[in-house]
Each structure stands twice: as structure tokens, then as C-alpha cells.
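My entries follow the display.

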Amino acid sequence: MAHPLIEICVEGIDGFAAAQAGGADRVELCASLLEGGLTPSLGVIRQTLAVAMIPVHVIIRPRGGDFLYSELEFLTMLDDVRACRDLGVPGVVFGCLTADGRVDEVRMTELVEAARPMAVTCHRAFDMTRDPEEAIEALVRCGVDRVLTSGQHPTALAGIDVLKRTHDAAAGRIVIMACGGLDEGNVAEVLRRSAADELHFSAPAKAGSRMAFRNPDVGMGGTDLEREFELTITDSAAVRRTIAAARKAAVVAA
């Protein structure tokens, strides 16, 4: 078993710095991980590229919720893809579905063509499709390079059988990147049982705000008031421990 490439999903530039310091091979750069990841601002992307010593893949997702986009939302995605390409971003991450739970091949193909020469990953929109083997064939036709999946279950361990089926269906034509609740305690088992080519996880932790003055009565955007003074950060130590567990598993298997 070769050492798997390990991608860390982060929120913002501080999250990127923590993942890079923790030994990540690559980072998926997002905003708002609470919503599953949204497109970060151009400023965040530019500043991340300025300090990056590892590849950065930027998520292209204009909103939370499902992956059935309006025409205006799709045009926004195309513009974001082109902006990333013009900035020299190494890769982008996106996914579009049809209302009946299939890969939207027309839109995915258009996005892939707009993205080149960047690498293209289909994110966990894949996990919302009606049939994983059918979806793999569609993504191969679209020219997508890799797919991020937890085996259509909440965690990789719960979806391990589907993950293995997906890897087998891919047959080396598209990279399978496993995700979903990976940590130092389970990453070796997921790697062994899924045969995934790459691994993807976040290492979130909560940190208190440094604000000295706090208005206890106002919450922005209807969020829990406590959330106003709580930050989501990437735990570099947890990144290092999980990566070490994955590397050890690969060495033992070899």
C-alpha cells in the first residue's frame, strides 16, 4: 500500500496555515465549514496562494443546501472557476446534480472545460446521487479527476462497503478520495478496507473569541448567541496525529 495523499479541509487562511504546519499534502480551501464549505473570497484565495507551499484546491459552492442550482447560481460558479484559474489556483472542487439525483453532465462538463488546466474534484454531491456506479461513469465522461466520498453514508466507516464498490467501479480511471469522520483512531481501517487512493478530513476545534467587550444580546444571522464568540479552527496537532496514523498503516501494509 503506497502512502496515500492526504488532503485537509479548512476554513480560511488561518485554517490553511494550520493544516500546512500539520503536514498536509494538499488543502481544500473553504469558507463556512458549518454549511459544509462555501466558496471563499478572492482575498482569502490570493493570500493563501501567497503563503502556500502545498497545493490548494478551492471549493466552488455558492450556497449551502442541495446541489441543484439555478441558472444564475451556475453562472456564478463558472465565474468563480475562471477567477481561480486566472489566479493560478492548482485545483477546484464542485458538484452539480439533476433533480432526480444524477450527475448533471452538461453542467459538470462545462465547469471542467472552464477549469482547465486546473485539477477538478467532484465533492460530496456524489454522496447525494441515486447510484454510485452510475455516478462514477458520469464523472468519468465529464473528465473529472477525482471524487470525494464517504460512501454515501455519514461516515467513511459506515459507508465502507460503498466506498470499496466505488473504488472498484473507478478502476483507476478517476481518483477515489475517502472522507467522513476520519481521525487517528479509524483512518488505518478506512484506508485498508476501502482501498481509497487519497484521504480527506478536517480537524476542527473550537476556540473562544479574543474580544474583551461582548454584547450578549445580539446574534448575527440568527445564529446561537454563544456562536458569536466561538471560532472554528484547524487543530494542527490533530492533523499531525491522523496523518501519522495513516502513514503507519501504509508502511505496515507494505
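The entries below record what I looked up, topic by topic.

**Basis of the entries**

I worked from a predicted model, in which local features need pLDDT of at least 70 and side-chain atom pairs count only at pLDDT 80 or more, while totals for chains, interfaces and linings use all residues. I number residues from 1 along each chain as its sequence is written, and side-chain values use heavy atoms, with hydrogens and water left out.

**Entry 1**

I took helices (H or I, at least four residues) and strands (E, at least two) as DSSP runs, numbered from the N terminus. I counted two strands as paired if DSSP finds at least two bridges between them.

I first looked up β4 (residues 91-94) and β5 (residues 119-122), which run parallel and are joined by four bridges. Within this pairing, I found T121 of β5 to be the bridge partner of V93. Between β4 and β5 the chain passes through helix α4 (residues 105-115), and this β-α-β crossover is right-handed. The term right-handed applies if, with the strands pointing away from the viewer, the path from the first strand over the helix to the second runs clockwise.

I then turned to β6 (residues 146-149), which runs parallel to β5 and is joined to β5 by two bridges. Here T121 stands opposite R146. With helix α5 (residues 132-142), β5 and β6 form a right-handed β-α-β unit.

**Entry 2: helix α3**

I noted that α3 (residues 71-87) has 17 residues and reaches 25 Å from its first C-alpha to its last, close to the 24 Å expected at 1.5 Å a residue. The expected span is 1.5 Å times one less than the number of residues.

Which residues of α3 are buried? I list E73, F74, M77, L78, V81 and C84. They fall within an arc of 145° when seen down the axis of α3, so they line one face of the helix. The arc is that of the directions from the helix axis to the C-beta atoms. I used buried for under 20% relative accessible area, exposed for over 50% and partly exposed for in between (1.4 Å probe, protein chains only).

The cover over the buried residues of α3 includes α2 (42-51), β3 (56-59), β4 and α4. On the face turned away from the buried side, I recorded the exposed residues L72 and D86. G88 follows α3 and has a positive phi, near 85°.

**Entry 3: salt bridges**

I searched the whole structure and found 20 salt bridges, each a side-chain nitrogen of Lys or Arg within 4 Å of a carboxyl oxygen of Asp or Glu.

R26 and E7 meet in one of them, at 2.7 Å from N to O. This pair links R26 in β2 (residues 26-30) with E7 in β1 (residues 5-11), 19 residues apart.

R26 also forms a salt bridge with E198, with the closest N and O atoms 2.7 Å apart. That pair joins β2 to β8 (residues 198-201), the two residues being 172 residues apart. R26 counts as buried at 4% relative accessibility, and E198 is buried at 7%.

I next looked up E137 and R173, whose side chains meet at 2.6 Å, N to O. E137 lies in α5 and R173 in the loop between α6 (160-170) and β7 (175-178), 36 residues apart. E137 is partly exposed at 31%, and R173 is partly exposed at 39%.

Finally, I recorded that salt bridges with shared partners join E7, R26, R146 and E198 into one network.

Terms used
Contact = heavy atoms within 4.5 Å.
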